[in-house]
Structure formats: C-alpha cells, structure tokens
Amino acid sequence: MEGKKEIVLSGIRPTGFVHLGNYFGAIRNWANMQNEFDCYFCVVDWHSLTTHPDTKELKSNVIRLISELIGSGLDPDKCVIYIQSDIPEIAELYLYLTMLAYKGELEKTVTFKDKVRMQPENVNAGLLTYPVLQAADILIHRAVKVPVGKDQEQHIEMTRNFAERFNYRYGEVFPMPYAFNYGEDLIKIMSLDGSGKMSKSENQMNTLYLADDDDLIRKKIMKAKTDSGPTVPNSEKPNYIDGLFNLLKVVSAEDVINKFETDFNNCNIRYGDMKKQLGEDMVKFISPIRARSEALRNDEKYMKEVIEHGTSKARASAKATLQLVREAVGVKYY
Ligand code: TYM
C-alpha cells in the first residue's frame, strides 16, 4: 500500500500584484509539489489586514491572486486552494498558540521590526503576533514542508518553536515543519535596481509583475541599473548585475546564459544587448501566465467553484486537527 503523502502548506498575502519573487521563491515550487504531496495553498487575507487596513481592493486582490496562482500552474484538482478567512479553525488555533508565544521574541522578529519602521503610526497587536497566525496556518494541517522564499525562514523557525512548546505542554500533536525549496537554498529575487527584494506593493518600477504587459516588462528591464562593465577579468558581480544574471538564469536558455557569463568574465559584456535578450525571454515567460490568469478571472462561475471546493477540503483537514488540539489543551468538556 502506498504510504501517506507528506503534507505541504504555504501562504501568500493578497496585498498587491504577484511578482517574480513570489513566483520563483514560492509558486514554482508549489506547482511541482502538487504532483508529489498533499498540498494546501492559502490566500492569507487576515495577514494582509496587519498592514493594509483599507479593504476596498481586498476582494479584487484575492480573486486576481487566485487566478494568478492557477495561471502559474496550480491545479485545483491536484492541490487545495483556499482563503484563510473561510477557515475559522485557524483563528482558534492562533488563540491557543498566542499563549505559547512570548512578547520578547515577537518584538525581536525581523519582519516586525521592519514593519514598525515602515508604519510607526500603526504598530498593532496583529502585526506583533503575525508569526503566530502564520504558525496556525501551517499547524492547522499538521504540515511538514513549507515552500517559501528566503524572507520567510525566521517565521518557519518560530513555527517550530511554538509547535515544540505546544507538544511539550499538552502532548504530541504537531510534526515539526521546515522551510522547503527544491534547489539547495531558499531563494531571494532582487529588485531591478538591486536595492532590495521584489515586493508586491513597494518599488513597483523595479519589480516585475505577472500582470505587467509586454511593453512594460521590456521597459522595466531596459531601465534596470547597470554600469560600464567590469574592467578586470572574472570580477565579482555587483549586486544589481548579479540580480539581472539571476533573472536570466530563470527564464533564458542555457547557451544565452553562458554567452553573457563569458562576456562578463572577458570584460566585453554589452549590458544593452543582455537586457534586450532578457526582456524578450521574460515576455515569453510572463505573457502566457498573464493571459491564462485573465481568462480565468473573468470566469466567475469557475472561480467560485474553485474556492468552494478548496474551502470544503481545507476545513475538513482543519477541523480534524482542531479536535486533537482541543482534547490536548483540555477544553473539551463533554
Ligand atoms: P508573501 O505574500 O510576502 O510572499 C509569498 C511567497 O513569496 C516569497 N517571496 C519571495 N521569494 C523570493 N524573492 C522575493 N523577492 C520574494 N518576495 C516574496 C515569500 O517568501 C513567500 O514564500 N508571511 C507570508 C505569508 C504566509 C505564509 C503562511 C507562508 C502566511 N501564512 C504560512 C507560508 C506558510 C508572506 O508574507 O508571504
């Protein structure tokens, strides 16, 4: 008999447009994992409220995001796609886990400190306990593999800590989850100006979105930061050049990558040519995803069916875990 498949969970915030960082850091792995594992992929709308209190665009963001996930290769018949707020069990598990999370460690979390810097006028408790809600997302399905980009590593480590404390205090309920990537390391896709990572809502001219049209893709890439090229053979690449090479590596053919690597090492690289080639390869990569997503998004009936189907599967799994959690905690009285 075939053994039980490992459980996979990952999440994405509906706070803007899906970009190449999301795709290569996470979604590409998700699309591969759905063929191998028992996969749950969650649109974490509650998490978005910690930074985006204005919900006018939430619904359209959620729908566009789901259409982009499917357009990028997720198959609702092979994995469970659902929205966090449709699963109230997550909120209850979050509550139990808050008793196991300490103020000091939450305040030290890198993403919390970043957000405090970015929105000093709105340092809400949801922001502080963001990693606890993320832990609830993961633990509610007793997931083991969590495919994420580099920036989420600390959150997954915190999830393990909360799970360990829960098991120690109340008895073994949760397996230990870990951050997963098919390659060796977790991925970080840099913005086109090399100033930071690509982001859903910041630095938009230096981020490539799956919804960008062909001309905009070309324009953003042509404007990407370069310099006059290396003067010493086999130099180390500055981070903005390294970022461009990384994009080339994910969308271009082997011989193209090798050509520009060799040119760089021989100090005769023409960045204009490289960006032109990268622009064309990127258009070839993004435009079919964009077209598929747009078509799906306009099919309201299909989108509704996908969400309903996902909700019912995710809830069944969440309810089963929550029953174990309640028994373990001792809040089951009859
Ligand atoms: P979010 O919505 O910011 O990003 C979704 C996924 O994309 C990855 N990612 C990147 N990877 C590489 N390079 C980049 N520039 C880049 N930008 C984003 C992220 O690592 C992530 O995997 N807290 C999470 C959402 C979340 C979650 C969860 C994730 C909530 N609950 C449970 C996993 C499990 C977040 O803000 O992701």
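Asn234 counts as exposed, at 56% relative accessibility, where exposed means over 50% relative accessible area, buried under 20% and partly exposed in between (1.4 Å probe, protein chains only). Asn234 sits in the loop between helix 10 and helix 11 (239-251), and has a positive phi of about 55° although it is not a glycine. The structure is a predicted model, in which local features need pLDDT of at least 70, side-chain atom pairs count only at pLDDT 80 or more, and totals for chains, interfaces and linings use all residues. Residues are numbered from 1 along each chain as its sequence is written, and side-chain values use heavy atoms, with hydrogens and water left out.

**Overall form**

- The protein has 14 helices and 5 strands; helices (H or I, at least four residues) and strands (E, at least two) are DSSP runs, numbered from the N terminus.
- The radius of gyration is 21 Å, close to the 20 Å that the globule rule gives for 334 residues, so the protein is as compact as a globular protein of that length. This radius is taken over C-alpha atoms, and the globule rule is 2.2 Å times the number of residues to the power 0.38.
- Along the principal axes, the C-alpha atoms fill a box of roughly 75 × 50 × 45 Å.
- Of the 334 residues in the protein, 49% are buried.
- Among contacts (heavy atoms within 4.5 Å) with a separation of 6 or more, 77% join residues 24 or more positions apart.
- The accessible surface of the protein comes to about 16,200 Å², and carbon and sulfur atoms hold 50% of this surface; accessible areas come from the Shrake-Rupley method with a 1.4 Å probe, and for residues only the protein chains shown count as cover.

**Ligand surroundings**

- There are 27 residues around the ligand, of which Tyr130, Asp137, Asp151, Ile189 and Lys200 come nearest; a residue is near a molecule or strand if one of its heavy atoms lies within 4 Å of it.
- Polar contacts are pairs of N or O atoms within 3.5 Å; within protein, one must be able to donate a hydrogen and the other to accept it, and residues adjacent in sequence count only if both atoms are side-chain atoms.
- An N or O atom in the side chain of Asp137 is 2.7 Å from a nitrogen atom of the ligand, and a polar side-chain atom of Gln134 lies 2.9 Å from a ligand nitrogen atom.
- A polar backbone atom of Gly149 is 2.8 Å from an oxygen atom of the ligand.
- On its own the ligand has 710 Å² of accessible area, and the protein covers 98% of that area.
- Two or more residues of the shell come from each of strand 1 (7-12), helix 1 (20-33) and helix 8 (130-139).

- Helix 8 is mostly covered, with 10 of its 10 residues buried; among them are Tyr130, Gln134 and Asp137.
- Arg142 lies in the loop between helix 8 and strand 4 (145-147), and is partly exposed, with a relative accessible area of 27%.
- Arg142 has a positive phi of about 50° although it is not a glycine.

- Thr109, in the loop between helix 5 (103-108) and helix 6 (110-118), is buried, with a relative accessible area of 0%.
- The side chain of Thr109 reaches the backbone oxygen of Glu105 at 3.1 Å.
- Beyond its neighbours within four places in sequence, Thr109 is in contact with Pro131, Gln154, His155 and Met158.
- Arg218 belongs to helix 10 (residues 214-222) and counts as partly exposed, at 29% relative accessibility.
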